[in-house]
Amino acid sequence: MKNLLILLLTLSLVAACGGSDSESDDSPNAEAPAQPDNPIAPSSLCDQTSSQINQQALMLEDCENLAQYGLFIDPQIPSSDPVAPGMAYQLSTQLFTNYASKYRFIFIPEGKQAIFHPSDTFELPIGTVLTKTFSMPYDTQVTGPENEALIETRLLIHRESGWTTLPYRWQNGEAKLIQAGADIPHTLNHHSEVKHFDYHLPSRAECKLCHQINDGETSHIRPIGLKAHLLNHDIEFNGQTVNQLQLWQSLSRLTGLPKLSDVDHAPALTDSGADLTLRAKGYIDINCAHCHRAEGFASISGLRLGFGVDHTSYQYGICKQPPGWDGGAKGLSYDIVPGDGEHSILLYRQELNSPKDRMPPIGRSLVHTEAIEVIKQWIDSLSPAIGNCHG
């Protein structure tokens, strides 16, 4: 009898220590569980090695080292040569992260496809993995890996329980899982101006600020950049110039693609020959719309900044007063004042850098001066007739 009681007590303690991936990543407004950095996952899966991707570990374990997943031919170079079926992809305009170079790859399981959506994130099958590697330049005018410091690689993995986020920090040629985030000092030269700052690696809880979508009483993680207007542009592939969406279709990675003439396109912020409104809206979409949507973290603001939202409307910020912000040192009142970028909050908060005032609230430590210039030009170009902000 005594032995039976001991056995029951032991089993109850084991059960009390349980937890699921979906609980840690997908519960509404959940904080990341208190865990030590770099927990070591069971070696039975993470320590398996072969020339192929360790798909079983990707689906079931949070491995301590990025290399344990086998996603890249050279595990120390996550910026090229993914293991099949991985392939690089590029966004026409990008979320700003302190002038970092970003290397994106998508791994869609063989025999499965992404499902096209005209305005929102593509539906991606279970088993899909997205990787984004951040390298910080020492001089923003010089390109190439010899001019960059490898900082982090972020994974988004579509498991049976939903999407999960895994941030890895690069140190001494290895990328190790980091749960709590970190601040890394960096110095760069930008147009002959030396900038000293801390590059912030997000914690898993902070990843939710951008990636969590709330649907009524539930919430879940989802990707951000896999949208038609950000992928609909030409890229170089095997020595040829091809449309990226048509390439995905030809490789059986995408289904449901309509005629390209029916698909939106967001030009690069730097494309001075493109339409100014589309340049500004594309940048605002990738940098702001994941929070400023009905299901996003900033839904209470009432501001809706998706690429397809009418930019002359109140919901896009025209003569709209934001709740919960005091207007800053300038005492501004409206998100967008048509014809007056200098007095528009949407622009002003991208110029600010204190944690309580800046937008986006995380993801940058520097001001993106080039974007500020374009967005100001765009707001200044808007006719005051589309909104009477001052009565």
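In what pattern do the disulfides of the chain pair up, with bonded cysteines counted along the chain? They follow 1-2, 3-4. A disulfide here is a pair of cysteine sulfur atoms within 2.5 Å, and by that rule the chain has two disulfides.

Before we dig in, know that this is a predicted model, where local features need pLDDT of at least 70 and side-chain atom pairs count only at pLDDT 80 or more, while totals for chains, interfaces and linings use all residues. Residues are numbered from 1 along each chain as its sequence is written, and side-chain values use heavy atoms, with hydrogens and water left out.

A few words you'll meet below:

- Helices (H or I, at least four residues) and strands (E, at least two) are DSSP runs, numbered from the N terminus.
- Buried means under 20% relative accessible area, exposed means over 50%, and partly exposed is in between (1.4 Å probe, protein chains only).

**The two disulfides**

- A disulfide is a covalent bond between the sulfur atoms of two cysteines.
- One of them joins Cys-46 and Cys-63, with their sulfur atoms 2.1 Å apart.
- This pair ties together distant parts of the chain: Cys-46 sits in helix 3 (residues 43-46) and Cys-63 in the loop between helix 4 and strand 1, 17 residues apart.
- The torsion about the S-S bond of Cys-46 and Cys-63 is about -90°, so this disulfide is left-handed.
- Cys-46 is buried, and Cys-63 is buried too.
- The other link runs from Cys-319 to Cys-389, with 2.1 Å from S to S.
- The link of Cys-319 and Cys-389 is left-handed, with -85° about the S-S bond.
- Both of these cysteines, Cys-319 and Cys-389, are buried.

**Cysteines without a partner**

- Cys-288 is in no disulfide either, and its nearest cysteine sulfur, that of Cys-291, is 8.6 Å away.
- Cys-288 is buried, with a relative accessible area of 13%.

- Two prolines deserve a look, starting with Pro-85: the peptide bond from Ala-84 to Pro-85 is cis, with omega near 10°.
- You'll find Pro-85 in the loop between helix 4 (55-60) and strand 1 (87-89).
- The peptide bond from Met-359 to Pro-360 is cis, with omega near -10°.
- Pro-360 belongs to the loop between helix 9 (345-351) and helix 10 (369-381).
- Asn-238 isn't a glycine, yet it has a positive phi of about 50°.
- Look for Asn-238 in the loop between strand 12 (234-237) and strand 13 (240-243), where it is exposed, with a relative accessible area of 68%.
- Ser-252 isn't a glycine, but it has a positive phi of about 60°.
- The spot for Ser-252 is the loop between helix 7 (244-250) and strand 14 (254-255), and Ser-252 is partly exposed at a relative accessible area of 44%.

**Empty space inside**

- Rolling a probe the size of a water molecule over the atoms shows where empty space is left.
- A cavity is a set of points, on a 1 Å grid over the protein atoms alone, where a 1.4 Å probe fits but cannot get out, and lining residues have an atom within 4 Å of a point.
- Grid points are joined across faces, edges and corners, and a volume is the space filled by probe spheres set on the points.
- How many cavities of 30 Å³ or more are there? The count comes to three.
- The largest cavity has a volume of about 520 Å³.
- Its lining has 31 residues, and Lys-132, Phe-134, Arg-154, His-211 and Ile-224 lie nearest the centre of this largest cavity.
- Elements giving two or more residues to the lining of the largest cavity include strand 4 (129-137), strand 5 (148-159) and helix 5 (204-211).
- The second largest cavity holds about 70 Å³ of space.
- This second largest cavity is lined by 13 residues, with Ile-213, Pro-223, Ile-224, His-290 and Arg-293 nearest its centre.
- Helix 5 and strand 10 (212-215) are the elements that give two or more residues to the lining of the second largest cavity.

Conventions: 1 Å grid on protein atoms, 1.4 Å probe; cavity = no way out; pocket = protein on both sides within 12 Å on 5 of 7 lines; lining within 4 Å.
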